[in-house]
Amino acid sequence: MSGRGGLFEHGRGGLRPAGSWSQLGAGVVLGHLASFSAYAIFGLNIILCKDIASEGSLSPLLLFTLRAFCAGVLFWLLSLFTPREAVPAADLLRMAGAGMLGLVIPQLTFLTAITMTAPIDLSVVQSTTPIMTMFVAAIFLKEPISWQKAGGVALSFAGVLWLILQSTHSAGSVVTRPLGIVLTILNTVSFALYLGVCRPVIQRYSVVTLMKWMFLFAFVISLPFSVGDLKTLDVRAVPVSVWWEVAYLIFFATFIAYFLIPVGQQRIRPTLVSMYGYLQPIIATVVGVAVGMDRLTVMKVLAAVCVFAGVAVVNRSPKRE
């Protein structure tokens with residue numbers, strides 16, 4: 001391919017990628033930084049969601065509707081200051097599907113499962129997301145599953161599983177129910193499909209355009225089911241601390257994190273994006289150590305090294321041209 005807008009251009013020594021290698025490298029680095037930051041935010045999100053669920057003032061459906069509405073408003077306001085993009089009806093339908101796979105199903109299943117699943121069990125099941133994403137990318141995006149990529153995923157999975165089993169956190173009074181496991185599996189499958197299947201439409205539009213439509217569709221879908229909870233909500237009965245946690249979930253774990261994920265999806269492969277999900281138990285461990293709920297051990301450090309080594313291996317594995 002050659003010419004303006006092509007992937008390659010003629011130069012000394014034959015064809016070379018259009019644009020400088022430094023520009024291409026910067027894009028990949030940005031993709032990694034965006035994915036890292038998003039999942040680091042999600043790590044604290046797990047702790048806060050568990051606290052909100054335990055308090056019981058806000059139902060999972062109502063909490064998601066609040067997040068979808070507020071984040072949607074923020075993205076629509078932000079769109080006033082960015083170039084306007086025309087979106088055909090066919091792509092609007094695809095964005096509605098992306099909203100279901102990436103927002104509605106993952107959030108509702110997670111917020112419900114967290115009330116009926118022990119933290120360790122939840123973490124173990126969610127750790128399979130990169131494995132599922134690897135297969136989704138192979139089926140829908142024709143990404144090759146090389147021994148190197150499979151080995152990298154397995155190395156990270158072993159590291160996070162090791163970290164979870166080394167955890168000193170108590171499951172408390174929560175007893176894992178079969179429905180909780182089913183919902184967690186549905187959560188991982190849905191988000192893996194979002195990362196893989198929805199990548200083509202994600203790459204066609206800016207992050208703001210994509211997110212404003214996805215959150216609008218997510219809010220419209222969830223609102224009819226949460227109207228009852230909204231009518232019976234006693235705002236004054238909700239502790240102030242819970243509202244601060246909700247504010248964090250809306251601004252950081254929804255608006256900022258979901259802004260960053262498409263930035264990663266546009267620049268690095270779906271399997272790599274999903275592997276940063278392994279940051280969540282690492283963040284939980286760091287927070288636990290910081291507040292005195294956990295202790296740092298050599299084994300946990302080695303487990304974290306395995307996780308990031310696996311990411312590095314997958315990053316260097318063969319990819320579809």
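**Close-up views of a predicted model**

**Figure 1. Overall view of the protein chain.** Of the contacts in the protein chain between residues at least 6 apart in sequence, 88% join residues at least 24 apart. The model is predicted. Its secondary structure comes to 13 helices and two strands. The protein chain has 321 residues, and 44% of them count as buried.

**Figure 2. Phenylalanine 69 and phenylalanine 219, a ring pair between two helices.** The whole structure holds 13 aromatic pairs. One of them joins phenylalanine 69 and phenylalanine 219, with 5.3 Å from centre to centre and 50° between the planes, and the pair is tilted. Phenylalanine 69 belongs to helix 2 (residues 60-79) and phenylalanine 219 to helix 9 (residues 207-232), so the pair ties together parts that are 150 residues apart in sequence. Phenylalanine 69 has a relative accessible area of 44% and is partly exposed. Phenylalanine 219, at 19%, is buried, because buried means under 20% relative accessible area.

**Figure 3. Phenylalanine 191 and tyrosine 194, a ring pair in helix 7.** The aromatic pair formed by phenylalanine 191 and tyrosine 194 is tilted, with 45° between the planes and 5.5 Å from centre to centre. Phenylalanine 191 and tyrosine 194 are three residues apart in helix 7 (residues 178-197), so about one helical turn separates them. Both phenylalanine 191 and tyrosine 194 are buried.

**Figure 4. Lysine 212 over the ring of tryptophan 76.** The view shows a charged side-chain end and an aromatic ring. The charged end of lysine 212 sits 4.4 Å from the centre of the tryptophan 76 ring.

**Figure 5. Cysteine 49 and cysteine 198, two buried residues.** Cysteine 49 has 1% relative accessibility and counts as buried. Cysteine 198 is also buried, and its relative accessible area is 7%. A search of the whole structure for disulfides finds zero.

Note on methods:
Residues are numbered from 1 along each chain as its sequence is written. This is a predicted model: local features need pLDDT of at least 70, side-chain atom pairs count only at pLDDT 80 or more; totals for chains, interfaces and linings use all residues. Side-chain values use heavy atoms; hydrogens and water are left out. A disulfide is a pair of cysteine sulfur atoms within 2.5 Å. Buried means under 20% relative accessible area, exposed over 50%, partly exposed in between (1.4 Å probe, protein chains only). Helices (H or I, at least four residues) and strands (E, at least two) are DSSP runs, numbered from the N terminus. Contact means heavy atoms within 4.5 Å. Rings of Phe, Tyr and Trp (its six-membered ring) pair if their centres lie within 6.5 Å; planes under 30 degrees apart count as stacked, over 60 as edge-to-face and the rest as tilted. A charge sits over a ring if NZ of Lys or CZ of Arg is within 6 Å of the ring centre and within 35 degrees of the ring normal.
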